[in-house]
Structure formats: structure tokens, C-alpha cells
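The sequence and structure are shown first.

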Amino acid sequence: LNAVVRELVMMLTHYGVKTIYGCKGGYKGLVTPEKWVVLTPDSVREIHKLGGSVLVSDRGNPPHSEIAKNLKAMNVKQYFVLGGDGTHKGGMETFDAMQELEEGPYECAVVGV
């Protein structure tokens, strides 16, 4: 996963994205503000040489409505989920939750990798 994280950061930076976040701890990290980290080309330059994931994966999902609220609060417009079928299903559930926010739908692209 580190190689994927690295290349996403490099590509998004190349396309002009100013702030890129990673969340440590999988979906659980998305509802825990101190688990959000800013990723830069310098911070990910060598991570593809490491095993595992620098973002640390975890099992279990908090309510997707809470994830949706946090993504909106952080003004996230592109949300990348890295993993298998369960991870992608969770990404879709978060997308659905963004459409059902009390203050109205939140526009955010969800990309499964």
C-alpha cells in the first residue's frame, strides 16, 4: 500500500492539489482528528521501500455518517479508499452518507483503488 500512497501523493501534487491528507487507522482514523496527517512529496518519497502501510490499516467501521461529516468539515473533495471489496463497500457507504447529510448533499468524489 505504501507504493500506492506514494504515487497518489505525487500525482495529486503534480495536478495542483494543495493539501493531501492520510488517515492512520483506516476508517476509524477518519473520525479521529489527531489521526489525520498531511502528506507531501517529501514525506512519502521513500515509503515505497517500507513494508506494510505507513498509514496503518485497521478493521472495523465507525458510522459512515460520522465519516461523511468529517470529510465535509475538512473540505475533502476527493476521497481515495485503498483496499479490497470491504473497503470499497465502505467507501460507497460513505458516499451515500454524504448525500444524506442534514444540511444537504456534500459533493466529494470517492475513488476506490
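Helix α4 is followed by N75, whose phi is positive, near 60 degrees. The model is predicted: local features need pLDDT of at least 70, side-chain atom pairs count only at pLDDT 80 or more, and totals for chains, interfaces and linings use all residues. Residues are numbered from 1 along each chain as its sequence is written, and side-chain values use heavy atoms, with hydrogens and water left out.

Helix α4 spans residues 64-73, and its residues H64, I67, A68 and L71 are buried (under 20% relative accessible area, 1.4 Å probe, protein chains only). Because they cover an arc of only 100 degrees around the axis, they lie on the same side of α4. The buried residues of α4 pack against α2, β2 (36-38), β3 and α5.

T94 belongs to helix α5, residues 85-99. With 0% relative accessibility, T94 counts as buried. Beyond its neighbours within four places in sequence, T94 is in contact (heavy atoms within 4.5 Å) with H64, I67, A68, L71 and Y79. The side chains of T94 and H64 are joined by a polar contact of 2.7 Å (a pair of N or O atoms within 3.5 Å, one able to donate a hydrogen and the other to accept it).

The residues lining the largest pocket divide as follows.

| Class | Lining residues |
|---|---|
| Nonpolar | 22 residues |
| Polar | 13 residues |

Terms used: Helix = DSSP H or I, 4+ residues; strand = E, 2+ residues; numbered from the N terminus. Buried < 20%, exposed > 50% of the residue type's maximum accessible area, 1.4 Å probe, protein only. Nonpolar A, V, L, I, M, F, W, Y, C, P; charged D, E, K, R; others polar. Arc of directions from axis to C-beta.
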